[in-house]
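Hello,

Here is the structure for you to look over. My notes on the sheet and the aromatic side chains follow below.

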Amino acid sequence: MKWYLLWVLSLWCVSLIGLSRSEYGFEEPIAEESFLSYLDEEAVSSGANSLMVPLTLIPGAVSKGAVCLDGTPPGYHMHRGFGSGANNWVIHLEGGGWCNNIRTCVFRKTTRRGSSKFMEKQLNFTGILSNKPEENPGFYNWNRVRVRYCDGASFAGEGYDEANQLYFRGQRIWSATMEELMSKGMRNANQALLSGCSAGGLASIFHCDEFKALFPGTTEVKCLSDAGLFLDATNVAGGRTLREMYEGVVTLQGVQKNLPSSCTSQKDPTSCFFPHNLVSNIKTPMFLLNAAYDAWQVDQSLIPSIADPHGLWHDCKVDRRHCNASQIKYFQDFRNQMLNAVEVFSQSNRNGLFINSCFAHCQSEMQPTWYENDSPRVGNKAVAVSVADWFFDRKPVKAIDCPYPCDKTCHDLVLK
């Protein structure tokens, strides 16, 4: 088992921890930014063999109101396909949490997650975006695009806060980006995969059928959600951290109008921001890739420090070998909740599933977890092989790992 040390709180964050909690008890934005910055480390770092891809800002987006939180234009990074993949496309939606109130959105627009002014000018394409067959055997020669995330509502908001100059335009960013990419040749695609990680994985669920509708019936279109299976779970203090967070996102950013009516006609809008209430009704084939003990949900939703003021969970959270029997049972109950959430979804032959018993997050973007000699496996198959088997209809993929601690191939994130 590989262990990756995740310094969620730097000394600077610790000194400001009182400012990092939202009015909903969510440890946003400072602690979460540290977590997400760690996950981005591979994308922003360059090496001798790195594929650094430049940022493109979308021309004409501002005139359409398709703007980041601060009013700047949205952007993407694209590397052209070649050979047999020249007419195939992977569109990967970047993740990066959400903002659920004025304070967290105002903070967010001073970062790359809310303004293109602060976005990296180049990103390293790894994992599902790599152009090397030994790193990305299924999609290495496709047109590969990483869409930057700067709205804070999983590309689903529609609104404007004049007093604080906040533009909630996630849905418009989605539409403008798709229009831009169609003009770049995506309209001629033979095959297309919409993927996303974390908040981007949730967005790939929201927009999957919309993506399919862009193409003629002759184009093979599928969707992949990586670490997007966020659950309406109870935290260690009995609260519902993520539901409170999502309620703020949906209300503040005007998300309700962009949620599927098949859900909102039966449930409240916040419930329809949770993917388990959506995935079974998606018509386009979809693959769910998720760690059963998702590290982000463990850190931010299940055991946020505000729910553990006396630190009773600290040692267990940092190292599962220090968990007592009741704490392990809590994690196993969360895994069972996840498996129950996808039970109906998994019954469809067109859908795919890879749920490994790891404490990880976003396994398609990082090379060590996507495809390497020692990458995570279920049934002796790596994530990249499982996704390719499913996409190319080689065989059905319903890979569900045995419960922790049986899997010795995990690349776990250790939360500090």
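Val-90 has Leu-193 as its bridge partner in β9. Please keep in mind that this is a predicted model. The two strands concerned, β4 (residues 88-93) and β9 (residues 191-197), pair in the parallel sense over 6 bridges.

Both belong to an open sheet of 10 strands with mixed pairing, in the order β5-β2-β3-β6-β4-β9-β10-β11-β12-β15. At its edges are β5 (122-124) and β15 (398-400), each of which pairs on one side only. On average, neighbouring strands in this sheet are turned by 20° against each other, direction ignored. Helix α5 (residues 170-183) lies across β3 (75-79), β4, β6 (143-147) and β9, and runs at about 160° to β4.

Now the aromatic side chains. The structure holds 27 aromatic pairs. One of them is Phe-139 with Trp-142, an edge-to-face pair at 4.9 Å centre to centre with 90° between the planes. Phe-139 and Trp-142 are both buried. Phe-391 and Phe-392 also form an edge-to-face pair, 5.2 Å centre to centre and with 75° between the planes. Phe-391 has a relative accessible area of 0% and is therefore buried, whereas Phe-392, at 27% relative accessibility, counts as partly exposed.

Ring pairs also link a cluster made up of Trp-98, Phe-206, Phe-230, Tyr-246, Phe-273, Phe-274 and Trp-296.

Two arginines are worth a look on screen. Arg-108 has its charged end over the ring of Tyr-149, 5.0 Å from the ring centre. The charged end of Arg-320 sits over the ring of Phe-359, 3.7 Å from its centre.

Regards

Notes: Residues numbered from 1 in each chain as written. Predicted model: local features only at pLDDT ≥ 70, side-chain atom pairs only at ≥ 80, totals over all residues. Heavy atoms only, no water. Phe/Tyr/Trp six-rings, centres within 6.5 Å; stacked < 30°, edge-to-face > 60°. Buried < 20%, exposed > 50% of the residue type's maximum accessible area, 1.4 Å probe, protein only. Lys NZ or Arg CZ within 6 Å of the ring centre and 35° of its normal. Pairing = 2+ DSSP bridges. Helix = DSSP H or I, 4+ residues; strand = E, 2+ residues; numbered from the N terminus. Axes fitted to C-alpha atoms, helices over the stretch in contact; angles between N-to-C directions. Contact = heavy atoms within 4.5 Å.
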